[in-house]
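This report describes a model chain by chain, then the places where chains touch. Please read it alongside the sequence and the structure.

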Amino acid sequence: MSNQEEVMEGSHAVAHAIKGADPEVIAAYPITPQTHIVEKLSQFVADGELDSEYVKVESEFSAMSSCVGSSATGARTYTATSSQGLLLMNEVLYNASGLRLPIVMGVANRALGAPINIWNDHSDSIGVRDAGWIQLYAETNQEALDMSIQAYEIAENQDVMLPTMVCMDGYILTHTYEPVSIPEREEIQDFLSPYEPEHKLDPENPETFGTVGFPRDYTEFRYQQFDAMDNATDVIKQVFDEYSDKFGREQRGLIEEYRTEDADIVLISLGSIMGVVKETVDSLREEGKKIGAIKVRAFRPSPAQELIEAIKGSDVIAVLDKNVSIGKKGALFTELKDELYSSDVNPLAKNFIVGLGGRDVPEDSVKKIAKKAEKAKEHGRVKKEIEFIDLKEVYDND
Amino acid sequence: MTRLEKKERFTSGHRACGGCGLALGARLAMKAVDDNSIATCATGCLEVTSSPYPQSSWKIPWLHSLFENSAAVAGGVEAALRAKGKQDINVVAQGGDGGTVDIGMRSLSGMLERGHDVAYICYDNEAYMNTGIQRSGSTPMNASTTTSPAGEESFGNENRKKNALKIAAAHNIPYVASASVAYPDDLIEKVKKANEINGPTYVQIHTPCPTGWGHEGDITVKLARLAVETGLWVLYEREEGEIKDVKKIKDRKPVEEYLKPQKRFKHLFKKEGGEERIQEIQEIADSNAEKFHLDEE
Amino acid sequence: MPNFASIAKPGTTENYKTGSWRVYVPVLDKDKCIGCERCWEFCPDSSKIEEEYEGDTIFRTDLDYCKGCGICAEECPVDALEMELEEK
């Protein structure tokens with residue numbers, strides 16, 4: 001494909017993708033830094049460029065609730081949120097997944113209060129990782145745009161039927177101008193299968209949704225969700241492949257390897273931070289270090305099996321988490337390590353907490369991480385499993 | 001031939017208690033809804049007793065999502081129908097008093113304010129019955145519940161019943177009405193009207209609860225009628241902001257007649273100081289009578 | 001295996017006979033019944049069935065679902081219904 005590239009901010013890139021996916025209903029509530037996505041969509045509707053019912057709800061709670069009603073009625077549905085808004089939706093997130101509604105939601109990743117903070121980290125979406133949603137993470141605006149289209153094809157697959165979040169870093173992507181290639185509406189429509197759910201609210205076939213699940217059946221419903229998420233692994237790969245083939249951008253697999261072929265040390269993370277991580281790998285490679293990186297594109301379903309394959313032969317893995325479970329560690333780290341236990345891959349593993357609440361992660365910080373990983377390799381052991389990078393001395397506030 | 005709509009869209013076999021006012025209310029409301037309708041329902045007695053998987057008491061498409069979002073879910077359903085050009089399908093949202101006037105108030109307010117073409121029905125049994133009779137914002141003054149129990153230092157619920165009908169009306173919606181299971185014709189007519197009117201409408205149905213109010217199941221309808229005949233539950237409609245069609249009361253009864261058969265008010269007849277509390281309730285009825293010109297000459 | 005999203009078919013609680021809950025049963029004096037339908041209107045369990053009796057309309061109780069609450073007997077304007085302890 002040779003679509004003209006246009007320079008625009010990430011939020012608008014996503015809005016263009018959604019316009020092409022043509023949802024019948026959008027229900028959203030504004031929250032920084034998601035606002036530009038929904039403002040742009042509102043403008044598309046106002047200008048007649050997008051024929052969606054836009055429900056201007058009074059809260060994120062009602063945004064997701066209206067999405068549940070709309071999706072259950074058989075309409076393709078979109079919303080977007082961030083941070084506190086995502087948490088306010090929490091109860092409805094589980095419901096949307098349990099009702100098996102393929103809603104697509106953009107998440108402009110932002111830290112959680114207190115203290116209140118509008119800048120980027122992944123505490124919000126990681127915090128709802130158990131809600132039964134597929135979670136895709138974008139590195140670039142282009143990827144956020146593409147994933148917003150791919151998400152519908154994944155979510156609405158009959159073997160999946162799970163809601164899907166497309167996570168993009170707040171400000172770093174949402175408010176940053178980059179050139180993006182926007183597929184034509186016809187191309188997007190041609191790529192997406194029509195949404196025709198087997199079950200929907202329909203007076204012609206008046207079924208009852210949202211019944212009481214007794215102990216006799218509840219486990220089976222959960223198992224079916226679990227199974228569907230498992231199916232999503234193959235469906236995601238297939239959709240990514242089809243998309244890459246059609247649009248000529250290589251975005252295959254739940255993870256993406258970067259110069260890992262002979263790497264002793266592998267840096268692993270997700271989201272926009274991969275830009276600086278890859279640059280750091282390049283400059284350390286120039287110094288002769290055998291280092292590589294892995295980007296995680298899908299956090300749910302778990303990318304662990306692909307990760308294990310990719311880190312075979314490495315000595316140390318360093319996982320960079322923009323989130324931390326207070327009292328435990330970063331989510332990507334703990335989940336990956338969990339999978340390693342029952343595999344025959346057994347590198348040293350270190351967890352680095354970075355970029356919380358919008359703290360910049362410059363190349364120097366990533367180099368520091370690489371150095372610590374190297375040290376672990378030299379010593380043949382990990383002294384401290386979790387480290388907060390660039391942590392200031394704790395000081396009195398006087 | 002029966003006088004009222006014969007078709008049952010809320011069927012037998014539901015697990016509501018014997019003499020349940022809520023089940024009666026839902027059954028009658030569903031007579032006012034045609035088959036070309038979609039219903040949502042909040043978590044609560046109605047939902048739990050009518051949808052034990054794999055069974056359902058509903059004959060129209062029905063969706064339960066959560067406790068506090070029936071109105072927002074219905075708004076989403078209606079938006080989807082608009083997007084599909086199927087505005088001919090009616091959308092009915094349902095909830096109990098807790099799911100409506102307390103935890104669901106935000107989503108109800110949003111749905112009403114945005115002008116969705118949804119008829120909202122609140123089944124008001126005046127407490128959280130499904131969880132074991134805890135006080136809600138719709139519990140009347142001096143009623144004993146499990147979280148506002150009467151005791152040595154307490155006459156039960158300290159606050160006056162929230163006026164959700166007035167709150168709904170404050171959204172400038174075309175139609176608001178109160179109804180009672182003791183007046184089926186009136187109830188059905190009001191729900192029908194709420195459905196037919198284009199735009200958001202709100203109907204609150206008074207539904208006695210034998211378990212929560214502490215009365216025998218056989219007097220459910222009788223109590224609902226007494227609430228109206230004492231002036232404690234006023235039947236009226238508000239169309240385009242104007243109060244209309246108030247049900248007048250001939251020989252308004254003293255509130256004792258309504259209170260006495262209910263265990264939730266038993267303490268008022270036993271405890272010292274109870275008389276003043278009954279008087280307090282009488283004053284509520286009297287003020288209703290004055291406001292709505294209830295008394296028929 | 002249950003269906004994937006806990007979806008139920010309409011009106012299927014009719015497969016569950018709540019009549020077994022009953023302690024008292026409404027007994028109808030068919031000759032007294034005037035077929036006014038009040039018992040049918042007020043039944044929370046839709047368990048009154050219209051039928052012909054000697055050329056007139058009466059409402060009998062559907063014992064499959066009647067929970068024996070007694071609203072029908074209480075509301076009957078001609079006292080045609082009596083609640084009696086049910087022999088089981």
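Among contacts in chain C between residues at least 6 apart in sequence, what percentage join residues at least 24 apart? The value for chain C is 66%. It comes, like every value below, from a predicted model.

**Chain C**

Chain C contains two helices and four strands. In sequence order these elements form the pattern β-α-β-β-α-β. For 88 residues the globule rule gives 12 Å, whereas the radius of gyration of chain C is 16 Å, so chain C is more spread out than a compact globule.

Strands β2 (residues 48–53) and β3 (residues 56–61) of chain C run antiparallel and are joined by six bridges. Within this pairing, C:Tyr53 is placed opposite C:Asp56 of β3(C). The hairpin formed by β2(C) and β3(C) has two residues between the strands, and C:Glu54 takes a positive phi near 50° there.

**Chain A**

Chain A has 13 helices and 16 strands. A compact globule of 398 residues would have a radius of gyration near 21 Å, and the 21 Å of chain A agrees with that. Of the contacts in chain A with a separation of 6 or more, 80% are between residues 24 or more positions apart.

| Chain | Radius of gyration | Span of the C-alpha trace along the principal axes | Buried residues |
|---|---|---|---|
| Chain A | 21 Å | about 70 × 55 × 55 Å | 54% of 398 residues |
| Chain C | 16 Å | about 50 × 30 × 20 Å | 42% of 88 residues |

One sheet of chain A is open and has six strands, in the order β10-β12-β11-β14-β15-β16, with mixed pairing. Its edge strands are β10 (255–258) and β16 (386–388) of chain A, each of which pairs on one side only. On average, and with direction ignored, neighbouring strands of this sheet are turned by 20° against each other.

Inside this order, β11 (residues 265–269) and β12 (residues 291–296) of chain A pair in the parallel sense through five bridges. A:Ser269 has A:Lys295 of β12(A) opposite to it. In general, the strands of a sheet pair through backbone hydrogen bonds, either parallel or antiparallel.

Which strands does helix α11 (residues 304–311) of chain A lie across? They are β10, β11, β12 and β14 (316–321) of chain A, and α11(A) runs at about 15° to β10(A).

A:Glu385 is found in the loop between α13 (363–379) and β16 of chain A. Apart from neighbours within four places in sequence, A:Glu385 is in contact with A:Lys329, A:Lys350 and A:Asn351. A:Leu284 is 101 residues from A:Glu385 in sequence, and the C-alpha atoms of the two are 23 Å apart in space.

**Where chain B touches chain A**

The contact between chains B and A involves 38 residues of chain B and 38 residues of chain A. On the chain B side, at least two residues each come from β1 (37–41), β2 (62–64), α3 (70–83) and α5 (105–113) of chain B. The most is given by α3(B), with 11 residues. Sorted by class, this side of chain B has 19 nonpolar, 13 polar and six charged residues.

Strand β9 (residues 208–209) of chain A pairs with β2(B) in the parallel sense, over two bridges. The bridge partner of A:Thr208 in β2(B) is B:Trp62.

**Where chain A touches chain C**

How many residues does the contact take from chain A and from chain C? It takes 13 from chain A and nine from chain C. The elements of chain A that give two or more residues to the side touching chain C are β9 and α9 (215–247). Of the side of chain A that touches chain C, α9(A) gives the most, with four residues. By class, that side has four nonpolar, five polar and four charged residues.

Note on methods: Residues numbered from 1 in each chain as written. Chains lettered and ligands numbered in written order. Predicted model: local features only at pLDDT ≥ 70, side-chain atom pairs only at ≥ 80, totals over all residues. Contact = placed C-beta atoms within 7 Å. Nonpolar A, V, L, I, M, F, W, Y, C, P; charged D, E, K, R; others polar. Pairing = 2+ DSSP bridges. Rg over C-alpha atoms; globule rule 2.2 N^0.38 Å. Buried ≥ 20, exposed ≤ 12 C-beta atoms within 10 Å, placed from the backbone. Axes fitted to C-alpha atoms, helices over the stretch in contact; angles between N-to-C directions.
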